[in-house]
Amino acid sequence: MDKVLALILGGGQGSRLYPLTSVRSKPAVPVAGKYRLIDIPLSNCINSDILKVYVLTQFNSMSLHKHIRRAYSFDAYRQGFIEILAAEQTRDNPDWYQGTADAVKKSLRYIESNNVDYVIILSGDQLYRMDFREMLRIHKESGADATIASMPVTAEQTKGLGIMRIEPETGQVGGFLEKPKGMEELHGFNTDADWIRSQGVEPRDRQYLASMGIYIFNKSMLIHALSKTEYKDFGKEVFPALIHSKKVHTYVFDGYWEDIGTIRSFFEANLSLAKPNPPFQMFLPDAPIYTNARFLPSTTISGATVSDSLIADGCTIGKGAVIENSVIGVRCQIGENVVIRNSIIMGADFYEHEGDAEDGNPIPLGIGRRSIIENAIIDKNCRIGEEVHIWAQSEGVNVAENEYCQIVDGIVVVKKGNCIPNGWNM
């Protein structure tokens with residue numbers, strides 16, 4: 001695996017995850033109480049013994065840079081690096097990244113300077129666990145120039161994904177359709193069930209193979225493909241061209257995978273982790289998810305009722321509080337008789353001691369007594385006063401905004417650092 005270089009794409013402006021991306025990039029968005037989305041692909045790389053990693057960033061990257069610098073460093077006895085490649089203007093490339101392939105193209109000089117044979121390209125905003133060693137084995141055994149990780153999906157799930165057509169005789173990718181709009185476009189793209197079974201996966205009613213946005217390239221072929229073309233995007237341009245001239249195979253994956261692309265998908269994926277039998281385990285002994293070691297104290301719970309929830313480190317939960325089906329992030333200060341249901345409370349970046357309130361703000365950091373929060377996302381460092389009620393009262397309201405919060409995809413979102421006064425009722 002020392003001949004493999006990983007590139008993790010930091011994504012664009014993250015408009016569909018706004019307002020969580022108003023002050024940070026998508027990979028820096030907190031997940032599961034104590035992690036960041038970038039921890040997922042980085043942990044998959046480390047657990048797969050891929051220790052040469054570049055993270056390509058462009059928008060709102062300061063928070064991401066700080067997290068990676070604090071969380072990931074190798075000692076002198078373990079050779080490797082995890083480095084940031086921020087978008088930069090040069091004489092040859094005066095523009096910012098114009099797409100996934102363009103971002104990699106503008107980083108070719110860093111790829112060329114590394115003594116590797118393979119390049120794996122990953123997204124920075126997906127939730128999954130994969131052993132890339134197995135994908136590389138399939139790539140090498142098939143003699144492919146490029147391999148696309150895929151997963152079986154139903155016809156209803158194809159919307160918004162890249163769908164592949166497989167030639168069952170050779171196992172090569174014979175067609176690539178980016179984000180089909182209907183069943184007419186999907187004609188001929190269904191995959192033979194027996195072929196899917198031959199890959200060790202039971203198809204059930206899933207007859208289409210969707211790209212996961214995870215690619216392995218032979219280094220020399222990737223450099224040639226990008227340096228000789230003006231292609232901007234892998235799904236729309238690079239792969240539709242490569243399948244006609246190169247050997248493109250697929251690695252079929254059948255584990256949990258979620259693209260965290262919208263507020264709704266982010267909300268549902270987080271709350272699913274709090275269930276008794278979550279679809280994705282944040283900790284496995286042989287494949288842990290790494291993050292910044294904060295050295296926080298244990299959480300204190302005083303006479304509260306907590307069910308089906310994740311509680312991160314360093315929290316204080318007051319007497320009589322009720323927390324149900326929720327994710328509580330680091331350093332959360334939750335007052336007495338607070339009710340939190342079906343919500344994500346991201347916590348705080350710091351502790352606030354008595355007399356430390358910003359600008360003499362009378363509302364302390366955290367959630368005040370007797371407040372009720374339902375179906376909401378409270379971003380970091382928020383000050384929620386006493387007896388505040390936050391929930392989407394109007395059925396069918398998907399988008400709305402006021403001076404304190406927004407409704408996005410039917411979910412109330414309080415932006416990072418907001419302050420809501422005592423008694424406010426949404």
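**View 1. Eleven aromatic pairs turn up in this predicted model.** One of these pairs is made by F217 and F239, whose rings are stacked, with 5.6 Å from centre to centre and 15° between the planes. The two partners come from distant parts of the chain: F217 belongs to strand β11 and F239 to helix α8, 22 residues apart. Look at how they sit in the protein and you'll find F217 buried, and F239 buried as well.

**View 2. Y256 and F280 make a tilted pair.** Their ring centres are 5.6 Å apart and the planes meet at 40°, so this pair goes down as tilted. In general, a pair of aromatic rings is described by two things, the distance of the centres and the angle of the planes. Y256 is in the loop between β12 (248-252) and β13, while F280 is in the loop between α9 (263-272) and β14 (300-301), so the pair ties together parts that lie 24 residues apart in sequence. F280 has a relative accessibility of 4%, so it counts as buried, the cut-off being under 20%.

**View 3. Here is a cluster of aromatic rings joined by ring pairs.** Its members are F176, Y215, F217, F234 and F239.

**View 4. Two arginines sit over aromatic rings.** R165 lies over the face of F189, 5.4 Å from the centre of the ring. With R331, it's the charged end that sits over the ring of Y351, at 5.9 Å from its centre.

**View 5. This is the largest pocket, holding about 1100 Å³ of space.** Its lining counts 41 residues, and the ones nearest the centre are K26, T100, D125, K179 and D233. Several elements each bring at least two residues to that lining: β4 (52-57), α3 (100-105), β6 (118-123), β10 (173-178), β11 (208-218), α8 (234-242) and β13 (257-259). β11 gives the largest share, with four residues. Sorted by type, the lining has 13 nonpolar, 20 polar and eight charged residues.

**View 6. The second largest pocket has about 500 Å³ of space.** There are 15 residues in its lining, with Q157, L161, W257, E258 and D259 nearest the centre. Both β8 (146-153) and β13 put in at least two residues each. The lining splits into five nonpolar, five polar and five charged residues.

**View 7. Zoom in on the backbone at Y18 and P19, which are joined by a cis peptide bond.** Omega is about 15° at this bond. P19 has its place in the loop between β1 (4-9) and β2 (30-31).

**View 8. N337 has a positive phi without being a glycine.** The phi value is near 60°. You'll find N337 in the loop between β20 (333-334) and β21 (339-341). Its relative accessibility is 38%, so N337 counts as partly exposed.

**View 9. E387 is not a glycine, yet its phi is positive.** The angle comes out at about 55°. The residue belongs to the loop between β26 (383-384) and β27 (389-390). With 41% relative accessibility, E387 counts as partly exposed.

Note on methods:
Residues are numbered from 1 along each chain as its sequence is written. This is a predicted model: local features need pLDDT of at least 70, side-chain atom pairs count only at pLDDT 80 or more; totals for chains, interfaces and linings use all residues. Side-chain values use heavy atoms; hydrogens and water are left out. On a 1 Å grid over the protein atoms alone, a cavity is a set of points where a 1.4 Å probe fits but cannot get out, and a pocket is an open set with protein on both sides within 12 Å along at least five of seven lines; lining residues have an atom within 4 Å of a point. Grid points are joined across faces, edges and corners, and a volume is the space filled by probe spheres set on the points. Ala, Val, Leu, Ile, Met, Phe, Trp, Tyr, Cys and Pro count as nonpolar, Asp, Glu, Lys and Arg as charged, and the others, Gly among them, as polar. Rings of Phe, Tyr and Trp (its six-membered ring) pair if their centres lie within 6.5 Å; planes under 30 degrees apart count as stacked, over 60 as edge-to-face and the rest as tilted. Buried means under 20% relative accessible area, exposed over 50%, partly exposed in between (1.4 Å probe, protein chains only). A charge sits over a ring if NZ of Lys or CZ of Arg is within 6 Å of the ring centre and within 35 degrees of the ring normal.
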